[in-house]
Amino acid sequence: MLFTDRADAGHRLAESLGHLQGEEPVVLGLPRGGVPVAFEVARALGAPLDVIVVRKLGVPYQRELGFGAIGEGGVRVISDDIVRRGRLDQADLVSVEHAEAAELTRQAERFRAGRQRLDLAGRTAIVVDDGIATGATAAAACEVVRAQGAARVVLAVPVAPPDAAERLRGSTDEFVCLSTPFAFSAVGEWYQDFSQTPDDEVVSLLAQASSAQSAAGPESAAGAPDGTTGARTAADTAVAEETDVAGETDVAEEVAIDAAGVRLTGDLTVPAGALAVVMFAHGSGSSRHSPRNRLVAAALNEAGLGTLLFDLLTPAEEAHRSNVFDTETLAERLADATGWLRGRFAGPIGYFGASTGAAAALRAAAAPDADIGAVVSRGGRPDLAGPLLPAVRAPTLLIVGGNDPLVIDLNREAEAALRAETRLEIVPGATHLFEERGALQQVADLARDWFVSHLAAPARP
């Protein structure tokens with residue numbers, strides 16, 4: 001299903017939500033791209049519209065892994081399991097939450113322009129976004145909405161990948177999604193117009209909706225005076241990731257891989273004449289749909305290298321976030337998937353690992369029969385590969401952001417422990433997710449050059 005733009009998606013989504021009109025719901029749009037969709041839904045249902053401003057709390061040395069989320073009204077949703085497994089102390093929790101709370105305040109005040117947050121106590125809340133990639137932000141938003149007192153939480157989106165949709169069905173009272181295409185790469189590919197939604201548009205739409213509700217009656221203006229807070233949300237990050245995928249290549253083939261007794265889904269792209277294939281081991285809070293990894297994969301494809309992006313955890317396993325730390329199991333699955341790939345491709349194979357996926361890649365590369373040609377780690381946790389590092393024989397490139405001090409220290413220790421050819425590259429000014437302008441492209445360039453040099457270069461005499 002292809003949508004003309006977000007307004008078109010909102011019109012179509014509203015048709016599937018008509019059964020909720022009698023419940024007098026509140027419609028909540030995830031900023032920024034979800035608000036134009038939510039605007040049309042709210043107008044069709046005659047419901048009040050607001051933003052749901054949330055901020056994911058990321059582990060300090062592994063930002064894409066959230067140990068919780070915060071929302072307005074002092075709502076905190078914390079995963080004790082992630083806190084324990086991540087060995088976070090109280091100072092870590094306070095530092096991250098303080099920084100995110102400040103951003104939360106700023107964004108909510110900007111979007112609402114002085115209006116109060118709508119009270120959700122006892123209401124049916126419809127959380128709306130323009131689409132879902134991994135679903136982490138949407139899931140956090142639903143948790144925050146429930147904690148704010150909503151009696152019933154409905155998540156509604158135009159499009160989502162099948163695996164993310166399956167996960168989200170279990171975390172809401174109702175999940176409405178118009179399309180779950182099997183060959184999903186990014187939300188933007190399902191829109192003819194997926195231009196970014198500026199802050200001013202969000203402010204304008206919320207003001208229009210508020211005026212319309214005020215004209216219809218006083219009930220819509222019911223708010224909660226709570227010292228509102230706001231932020232550049234995890235949803236903003238997701239929108240940026242989903243729209244900033246320049247150079248992404250078409251998926252040549254979606255494949256199913258049996259690994260360690262589990263059936264995994266992957267996207268295999270092998271350019272004509274490819275001399276090598278790079279397998280991607282994704283980090284926590286990510287998936288094969290991650291635009292960050294797909295941007296890197298695109299650079300490799302353009303250089304004539306094949307890529308295999310696949311998920312090392314099933315949707316059910318991903319629901320328990322502590323599984324991302326089980327790097328031994330992840331490495332076993334990566335090794336089995338490598339065996340599957342060798343049955344289809346005779347050339348050299350490399351690993352690209354991110355965050356905890358980097359630890360899995362290094363563990364798999366340390367196996368006596370691994371025969372891996374090269375490894376690249378982006379913002380990796382090589383410390384989770386521990387005593388196996390000296391056994392890695394593949395040339396290894398460690399890439400870390402210059403503003404990611406904890407991970408820099410972990411990678412320096414790994415550099416000292418590795419016995420194979422190793423290089424540590426620090427990208428100046430970059431944070432853990434390399435979200436800064438041009439930072440991820442530097443990662444792609446470094447990875448491309450490393451793999452071309454070690455996998456596809458002519459053998460030296």
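Accessible areas here come from the Shrake-Rupley method with a 1.4 Å probe. By that method the chain exposes about 17600 Å², and carbon and sulfur atoms supply 50% of it. This is a predicted model: local features need pLDDT of at least 70, side-chain atom pairs count only at pLDDT 80 or more, and totals for chains use all residues. Residues are numbered from 1 along the chain as its sequence is written, and side-chain values use heavy atoms, without hydrogens and water.

**Overall build**
- The chain has 14 helices and 18 strands (DSSP runs: helices are H or I, at least four residues; strands are E, at least two; numbering starts at the N terminus).
- Of the 461 residues, 57% are buried (under 20% relative accessible area, 1.4 Å probe, protein chains only).

**Helix 9 and helix 14**
- The axes (lines fitted to C-alpha atoms over the stretch in contact) of helix 9 (residues 291–302) and helix 14 (residues 439–456) come within 9 Å and cross at roughly 40°.
- Contact (heavy atoms within 4.5 Å) involves residues including Leu295 and Ala299 of helix 9 and Val443 and Phe451 of helix 14.

**Helix 11 and helix 12**
- Helix 11 (residues 327–342) and helix 12 (residues 356–365) have axes that come within 8 Å and cross at roughly 60°.
- That angle makes helix 11 oblique to helix 12.
- Among the residues that meet are Leu330 and Leu334 in helix 11 and Ala360 and Arg363 in helix 12.

Note on methods: Buried < 20%, exposed > 50% of the residue type's maximum accessible area, 1.4 Å probe, protein only. Axes fitted to C-alpha atoms, helices over the stretch in contact; angles between N-to-C directions. Parallel < 35°, antiparallel > 145°, perpendicular 65-115°, else oblique.
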